[in-house]
Amino acid sequence: MPYLARISSLPAPALNGGLIDPRAKHQPVFGERITCRDLIDFNSGLTDLSPLVFRCTGQSDLGVEGQTKSAIIDEIATHSNGITLPLVAKNGEKAIQQLRQPLSGLVQGLVVSGGLSRSPAFDCLPVVSHWAERTGEYSSEDPAASVCLSSTWGTSHVFRQGTTMAAPLGAPCWSLKTHGLGPVEAGSSKFSQRYFSDTDTLVTTVNLERRSDTGTTGGVVSAATAVSWMRNVRVADAVDCAVGLLADAASLLAARDKALATGKTQQLGFAEVSEFVMPTWCSARKPLPPKLSGVAFSPDQATVDLLTREGRGGPLLNTSIFAMSVGYNRCVYGGSISGLWALMDSAFVLDYSLSKPGTPLADSISFAFSEVAANAESSVSAGPHITDIRIVKGCNYACLRQKAVIEDAHPVPSRPCIVVWNDLGRLARYKLADAVFCHVYYDAGGGEQMAAIAGLGCVLHDWIDLGADVACGEVSNIIPSLTRGSLDEEPLAEVYSRLVGAMIWYREHDPYNPGALCVLATHWWQLANCRHRPIALLGRTDLSIDTCVVATIPGARPSLEHFRAQGTDVKRGKSALASAEARLQSLLSTEILPETRAVIDLLVDPVLAYVKGADNLPSEGEYIAAVLAAQLAYPHGQKIMELWDLAIIMWECGAMWAAGVAGLCYTHTGDSNCDRARQDLSDSTWS
């Protein structure tokens, strides 16, 4: 039942949301094999479906040549045990093998040139690859770039793979023809593409910086660069975002520590780092609901039943991990191929939150990535695409893992701190890697505009985390850069307005773009991940509807600059709430999915009522199952459009604005960067 939120003390349902957070304690499911229904379906290659009929679920337990699904899974798992440590050349030179060791457990097997775009023959997105849409797009010059990588792609018709896809008869995609590198031409764009109709080929060129490791990056920079540059230009471009993240994060963390020790602003070539005084214009009832660890779970029976049906076993029976992996990937891609991405994502959550090298848990994480490599080798048509994604994800995770090593190696007592970047393009690439979005950047087609939505679009998440990030000395929140170093109400409202406008633009003009869908899925993820507390934070506020922020909708695809405050006056007030309510009524006038209806009943309607003055709100345990079910629902295309509408409603109506304002009131006690299930995370960490 909804709880009374408008009281001075923190209600028990808001304190923990009906969730259980063991923090760093071991959970029995973590020692089991990671699997889910999507992964099983992708591996099984069901033959009981007519190729002329689109089905989103299969009922048979028999797969190829009468094998049971479990037998096929076991066969692939056995093969994964034989995947070798990563190599970049057949000669297996010791120096090369040592170079690749920083990626061990994440990028296994021989890596050679190749590549294949995503396709509706593999997933449920009702559009072909976005790659060719990036032709003619302007991209700024990168003065630090010293190497030009170029790949030529040709069209190829691929057969269906898995049991759920938008194109069961197959579909066209882009397949690598040639790949090479050379010197950078003076004055050339960082990213460029040309299509040649006479040969039906697409030539993609990216200029990249040749980076070197430092004493803190642990060889990861060189290793990730070597493997990605070997593969193709799109993998190299996506991985370069992650490599840049690690290199820049190492500099930012060192500058942060010095700024906090000396009290002096530290100037880097690309950003400045300084101590900060938390704003006083915002207000909320204290104490605030604490952030949870990232491995919490909901004991609600509806959630347990959903995870048992879709997660099947192992760590995916943990709600936080399920939301980050199966929930997120099905929301973006649909299709059983998303089970492979979920396998890697769930392994990453465990690794980032809990794992230590050399432990059984670390070994199980390595096995998960080996299993994806085995799937790529056994795949009939999607193999090169799976290989591209596993390399991109593996390198992205390796860079984030090393960033966490740097953070934890020299803990400092947290104090408020901000980072202000002077290069939006560099910041966008940093942030999309920090958000683990390198693979959707790759799928979306790359370039500045895709970095803008996948990177700077992360305002959607950083707004909810802004107060907590600044309070605990986190260096990766992008909002201070977009407000030009201020946390005053006016620039924050403008950045918020510009984000909502970008969401509306993509919903109307390019709703199935993977770069935009990663932002949409993030909205629903942070409502169901048992970690961030947006609705509980909303319940600690009494903001007037006059503070609602009206969207600033761009006239064209949102650029990097669209996301940055320009000093523009932003409209506030009841018109934003009226727009949200009109959008909801329009949605309700259609034949919506039952899963969408449940989210409206259990979450959106109560939130709208609270914004308008009601006293009650639902706890997380009451709506998490509905949110996850809506992310998993089919038909995929209809689900996406409905989730766009509901997300925009929650941002337009002022609910998410209020949640972020409450978050700005957080105080933190403990070491910096407290966003993992570490031993120093306790009930008193956040207030």
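**Close-up views of a predicted model**

**View 1. Aspartate 200 counts as partly exposed, at 27% relative accessibility.** The model shown here and in the other views is predicted. Why is aspartate 200 partly exposed rather than buried? Because its 27% falls between the cut-offs: buried is under 20% and exposed is over 50%. The residue sits in the loop between strands β4 (191–196) and β5 (201–208). Look at its backbone too. Aspartate 200 is not a glycine, yet its phi is positive, about 55°. Most residues other than glycine have a negative phi.

**View 2. Cysteine 530 has a positive phi and is buried.** Its phi is near 60°, and the residue is not a glycine. The loop that holds cysteine 530 runs between helices α18 and α19 (534–538). Is this residue buried or exposed? Cysteine 530 is buried because its relative accessible area is 2%, under the 20% cut-off.

**View 3. A cis peptide bond links lysine 286 to proline 287.** Omega is near 0° at this bond. Proline 287 belongs to the loop between strand β7 (271–275) and helix α7 (301–311). Most peptide bonds are trans.

**View 4. Tyrosine 634 and proline 635 are joined by a cis peptide bond.** Omega is about 0° here. Where does proline 635 lie? Find the loop between helices α22 (620–632) and α23 (636–652).

**View 5. Helix α14 (residues 448–455) is mostly covered.** Of its eight residues, seven are buried. They are Glu448, Met450, Ala451, Ala452, Ile453, Ala454 and Gly455. What covers them? The cover includes four other helices: α12 (424–434), α13 (438–444), α17 (489–509) and α18 (514–528).

**View 6. The largest nonpolar core has 219 residues.** Which residues have the most contacts inside this core? They are Trp463, Trp524 and Leu603. The largest share of the core comes from helix α6 (residues 233–262), which gives 16 residues. In soluble globular proteins, nonpolar side chains tend to be buried together.

**View 7. Tryptophan 463 is in contact with residues beyond its neighbours in sequence.** Neighbours within four places in sequence are left aside here. Its contacts are then Ile479, Leu492, Tyr496, Trp651, Met656, Trp657, Gly660 and Val661. Trp463 is among the residues with the most contacts inside the largest nonpolar core.

Technical notes: Residues numbered from 1 in each chain as written. Predicted model: local features only at pLDDT ≥ 70, side-chain atom pairs only at ≥ 80, totals over all residues. Heavy atoms only, no water. Core = buried A, V, L, I, M, F, W, Y, C linked by side-chain atoms within 4.5 Å. Buried < 20%, exposed > 50% of the residue type's maximum accessible area, 1.4 Å probe, protein only. Helix = DSSP H or I, 4+ residues; strand = E, 2+ residues; numbered from the N terminus. Contact = heavy atoms within 4.5 Å.
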